[in-house]
Amino acid sequence: MTDRPAHEPDQPHDLVGIGIGPFNLSLAALAHTIPAAPDDPRPLAATFYEQRPAFHWHPGLLLDGASLQVPFLADLVTLADPTSPWSFLNYLRTRDRLFPFYFAERFHIQRAEYDAYCRWVTEQLPGLHFGHQVDAVRWNTDRALFEVDFTQLDRDGEAEALGRAYTRHIALGIGTEPFVPEPLKPLAEAASVPVLHSADYLRHRERLLDAHHITVIGSGQSGAEIFLDLLRARPEGAERIHWLARTQAFAPMEYSKLGLEHFTPDYSRYFHELPESARDELVPRQWQLHKGIDADTIAAIHDELYRRTLHGGWPDATLTPGVHVRTAGRLANTQVELHLEHTQQGTRTRLTTDAVILATGYRERPLDALLGGLDPYLRRDASHRPRIDDQYRLVLAPTVTGHVYVQNAERHTHGVGAPDLGLAAWRSATILNNLTGANPYPLPERTAFTTFGLTPHPRAIPAQAPALVPLSQTL
């Protein structure tokens, strides 16, 4: 079907956002009421589409007591505009909870509270359209605008109506999707044996607790939290849990103050200016910056294991790092057999289990299907990935006068901070400053004490800092 009813006004939008997760929600909040351009006082015309019927942030992992790994200041807006009505502190004020929060002395809030805060924003903020699935994006040469085709969905997720919107610019915030290792995909897709991703953990928790033996795969924060939750819920002496990981240790996340400066705009700029080959080599080596385990969670796991030794004996829980799953298969239709290999010993074994939880992380959703209509204009790097400039714009052919901004799809160009909530407001402000040309959100020129590289970005150098002289000039 090519002709679509005009569910949107004929007047083009300034910005259409695709996806309403935390990052595009941050963009929508900061875009609210700002001028469209320096010489155009009207408010920026922005609208956002999301396929899901409502906002929910990782609902399968909202475990009791689980906290964000970033401070509450890493909300949708504060690090760009502390006076915004969409801040977490204003959310608390509207709920008459400022004083309880003050006395709680919490710098890291619970995940469930962050989810509730974001849902509060979606309920108050105009221009957000849930139940709208974007099907295609094209560049209309005659109108010099992007065409965005969407399907409006009913409560059951069935197509209800078709629509088309026109816009000068687009912001892609389609997020990530659960990653299932190849050997386990057939089992994860089968219904008879519980092999599921951690994204669905809470929905299946009671069923999992009934399993005789449970295996958790994955060494990050999600795997640790699920292992701890299972451990606390299982009887002493009959825990029957295996926790396996590819990494060589159940390692703590790098959380030193200077280590955290890898999640600053200064580092993002430095990383973007590196050669492509250097960036690709660097990202896998930095896994402990974002894939490690919170030290408090590690301590809680050890405390729980130790408590279970007080009356003699050891808990029936096996924690083994340095292991990967070679193959997996169903056994007697009710169990899973995992074929394991230890990377350092070179040894192999089999593990029979009744349930597998894959805390194997997430991957960026591929953009190719959605952006197929823009493929002739899209510029790619040596690995066929979209090129993204320092303003978070896809590099397109010069004939395309509009911009496609990306959020959390730029790790290969901007580094480990791409999925970090602490950079959400700054990235949104960068996008809006570029889009409007009006600089509605003045941003700091320097954000880190660390000077990354011998030729740092000019904005990251304080005025009084001595200049570094290239070695060749001293000879």
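**A buried aspartate, an enclosed helix and their surroundings**

Asp14 sits in strand β1, residues 13-18; strands here are DSSP runs of E with at least two residues, helices are runs of H or I with at least four, and both are numbered from the N terminus. The model is a predicted one, with local features needing pLDDT of at least 70 and side-chain atom pairs counted only at pLDDT 80 or more, while totals for chains, interfaces and linings use all residues. Residues are numbered from 1 along each chain as its sequence is written, and side-chain values use heavy atoms, leaving out hydrogens and water.

With a relative accessible area of 4%, Asp14 is buried (buried means under 20% relative accessible area, exposed over 50% and partly exposed in between, with a 1.4 Å probe and protein chains only). Its side chain makes a polar contact of 2.9 Å with that of Arg42, and another of 2.9 Å links the side chains of Asp14 and Arg168. A polar contact is a pair of N or O atoms within 3.5 Å; within protein, one must be able to donate a hydrogen and the other to accept it, and residues adjacent in sequence count only if both atoms are side-chain atoms. Setting aside residues up to four places away in sequence, Asp14 touches Ala36, Arg42, Pro43, Leu44, Ala45, Thr167, Arg168 and His169, where contact means heavy atoms within 4.5 Å.

Strand β1 turns up again around helix α1. Helix α1 (residues 22-31) is largely enclosed by the rest of the structure, because 10 of its 10 residues are buried. They run from Pro22, Phe23, Asn24, Leu25 and Ser26 to Leu27, Ala28, Ala29, Leu30 and Ala31. The cover over these buried residues includes β1, β4 (46-50), α4, β5 (128-130), β8 (159-172) and α13 (424-436). After α1 comes Thr33, which has a positive phi, near 75 degrees.

Helix α4 (residues 111-124) also holds Glu113, a residue that counts as buried at 14% relative accessibility. Not counting residues up to four places away in sequence, Glu113 touches Phe88, Leu92 and Arg97. Leu92 belongs to helix α2 (residues 88-94) and is buried, its relative accessible area being 0%. Beyond its neighbours within four places in sequence, Leu92 is in contact with Arg97, Leu98, Phe101 and Glu113. Arg42, the partner of Asp14 in a polar contact, lies 50 residues from Leu92 along the chain, and their C-alpha atoms are separated by 31 Å.

Next come the aromatic rings. A pair of aromatic rings is described by the distance of the centres and the angle of the planes. Rings of Phe, Tyr and Trp (its six-membered ring) pair if their centres lie within 6.5 Å, and planes under 30 degrees apart count as stacked, over 60 as edge-to-face and the rest as tilted. The structure holds 24 aromatic pairs. Phe99 and Tyr102 make an edge-to-face pair, 6.3 Å centre to centre with 90 degrees between the planes. Both lie in helix α3 (residues 98-104), 3 residues apart, about one turn of the helix. Phe99 is exposed, at a relative accessible area of 58%, and Tyr102 counts as exposed too, at 54% relative accessibility. Phe99 also pairs with Phe103, this time tilted, at 6.2 Å centre to centre and 35 degrees between the planes. Phe99 and Phe103 are separated by about one helical turn because they are 4 residues apart in helix α3. Phe103 counts as exposed at 58% relative accessibility. One aromatic cluster is made up of Trp57, Phe72, Trp86, Phe88, Tyr91, Phe101, Phe107, Tyr114, Tyr117 and Trp120.

Finally, there is the second largest pocket, which has about 610 Å³ of space. Its lining counts 24 residues, with Gly65, Ala66, Ser67, Glu225 and Thr297 nearest the centre. The elements giving two or more residues to this lining are α7 (221-233) and α11 (295-307), and α7 gives the most, with 5 residues. On a 1 Å grid over the protein atoms alone, a pocket is an open set of points where a 1.4 Å probe fits, with protein on both sides within 12 Å along at least five of seven lines, and lining residues have an atom within 4 Å of a point. Grid points are joined across faces, edges and corners, and the volume is the space filled by probe spheres set on the points.
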